[in-house]
Amino acid sequence: MPANLTPQYYEAEKAYKQAKTVEEKISALQEMLSVIPKHKGTEKLQGQLKKKLSKLREEGEKKSKSTSTYNPYRIDKEGAGQLILIGVPNVGKSSVLGALSNAKVNVAQFPFSTGVPLAGMVPYEDVKIQVIDTPPLVVEDVPGEMVGAIQRADGLVIVIDVGSGEALDQLSSTVDFLEGKRLVREEIPEGVKAFRREELLVLANKVDQPGAGDNLEIINELYPDLKIIPISVKTGKGMDQVPKVFFEMLDVIRIYSKIPGQDPDMEAPFVLRRGGTVLEFAQEVHKDLADGLEKARIWGSAKFDGQHVPRDHVLADKDIVELHT
Ligand SMILES: Nc1nc2c(ncn2[C@@H]2O[C@H](COP(=O)(O)OP(=O)(O)OP(=O)(O)O)[C@@H](O)[C@H]2O)c(=O)[nH]1
Ligand SMILES: [Mg+2]
């Protein structure tokens with residue numbers, strides 16, 4: 001029986017062959033399995049792919065356990081979510097993180113001042129967003145670990161120097177690299193981690209520089225599907241709105257828990273994915289609570305305060321929830 005493999009399959013296979021790290025290979029194999037036509041003619045191939053995948057996963061686990069392969073790009077997630085800043089040398093990535101967080105970033109007039117990734121926590125209202133500053137992107141030579149870090153992040157921010165005559169080139173080379181590595185793509189198959197162009201954020205830094213306005217205009221025209229925010233770390237222009245935009249990129253909601261008969265805890269919200277339900281909230285709070293959950297009362301998005309809602313009720317940002325077991 002012919003296998004009738006699709007173009008998507010061959011594309012994923014090509015990515016597999018080009019993959020340099022175990023992580024990249026795993027992700028390409030996952031995709032091959034997800035897009036392979038499921039019928040008798042491909043059963044054998046599916047079996048082989050699954051075998052390869054489990055072998056690679058074992059290899060990956062062994063690697064991550066041994067200290068000799070310490071990966072500075074693997075930063076544990078904290079706070080409401082993790083964003084990663086990328087961009088070519090000297091555009092102001094470290095300056096952005098330094099201005100928005102307490103991270104001890106290395107800022108310098110010369111390029112290649114950041115050697116290893118560094119995370120900082122950016123406050124937004126009552127949550128903190130983890131943002132990673134990375135070494136400069138040299139698109140011909142990006143370490144596999146960096147590709148992995150981009151893939152793990154919840155959101156991707158490209159920084160460019162819009163005061164430079166090379167601003168357009170900085171953006172197009174970064175976007176081309178991301179699309180070439182298929183970290184950014186139009187259609188994302190089930191189970192594959194990638195971003196769509198619409199989900200990216202471009203921080204067009206150094207708008208205080210002469211010529212920035214003209215460069216920005218050209219870039220906006222050529223990349224109408226990208227969200228581009230003009231900023232200047234130097235003058236502070238546009239910086240106020242950045243934490244809010246970061247938060248929106250995470251696509252999460254904040255939920256405040258309330259114990260019956262007491263005031264809600266408005267200090268430390270729980271963070272859930274957008275579309276999260278009462279039951280998912282209970283699971284976040286405590287597994288036992290979720291198991292015994294009968295109903296809940298909510299204040300906020302409900303028709304009236306204290307309304308009783310079922311377990312599958314979809315919550316909204318800033319809802320206050322009282323769980324009843
Ligand atoms: N005029 C101007 N200069 C800026 C601005 N933001 C950053 N700079 C300067 O640009 C230079 C590079 O800043 P960094 O934050 O080190 O840039 P980077 O992208 O982290 O650089 P690498 O880590 O080497 O890739 C420094 O001299 C900063 O002071 C800005 O908004 N306006
Ligand atoms: Mg830097």
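**Cores, domains and a helix pair**

Colleague: Which residues have the most contacts inside the largest nonpolar core?

Modeller: This is a predicted model, in which local features need pLDDT of at least 70, side-chain atom pairs count only at pLDDT 80 or more, and totals for chains, interfaces and linings use all residues. Residues are numbered from 1 along each chain as its sequence is written, while chains are lettered from A and ligands numbered from 1 in the order in which they are written. A nonpolar core is a set of buried Ala, Val, Leu, Ile, Met, Phe, Trp, Tyr and Cys residues joined through C-beta atoms within 7 Å, and buried means 20 or more other C-beta atoms within 10 Å of the residue's own, placed from the backbone (exposed is 12 or fewer, partly exposed in between). The largest such core has 59 residues, and those with the most contacts inside it are Ile84, Leu85, Val157, Ile160 and Val321.

Colleague: Nice! From which domains does this core draw at least three residues each?

Modeller: Domain bounds come from an automatic or database domain assignment, which divides the protein into domain 1 (7–69), domain 2 (82–250) and domain 3 (252–324). The core draws at least three residues from each of domain 2 and domain 3.

Colleague: Which residues is valine 157 in contact with, leaving aside its neighbours within four places in sequence?

Modeller: Two residues are in contact if their C-beta atoms, placed from the backbone, lie within 7 Å. By that rule, valine 157 touches Leu83, Ile84, Leu85, Leu201 and Leu203.

Colleague: What supplies the largest share of the side of domain 1 that touches domain 2?

Modeller: The centres of these two domains, taken over C-alpha atoms, are 29 Å apart. Their contact takes 10 residues from domain 1 and 11 residues from domain 2. Helices (H or I, at least four residues) and strands (E, at least two) are DSSP runs, numbered from the N terminus. On the domain 1 side, the largest share is 7 residues, from α2.

Colleague: How are α2 and α5 oriented to each other?

Modeller: Axes are lines fitted to C-alpha atoms, for helices over the stretch in contact, with angles from 0 to 180 degrees between N-to-C directions. The axes of α2 (residues 22–35) and α5 (residues 144–152) come within 8 Å and cross at roughly 50 degrees. Angles under 35 degrees count as roughly parallel, over 145 as roughly antiparallel, 65 to 115 as roughly perpendicular and the rest as oblique. The two helices are therefore oblique.

Colleague: Which residues of α5 make the contact?

Modeller: Helix α2 brings Glu23, Glu24 and Ser27. Its partners on α5 are Gly144, Val147, Gly148 and Gln151.
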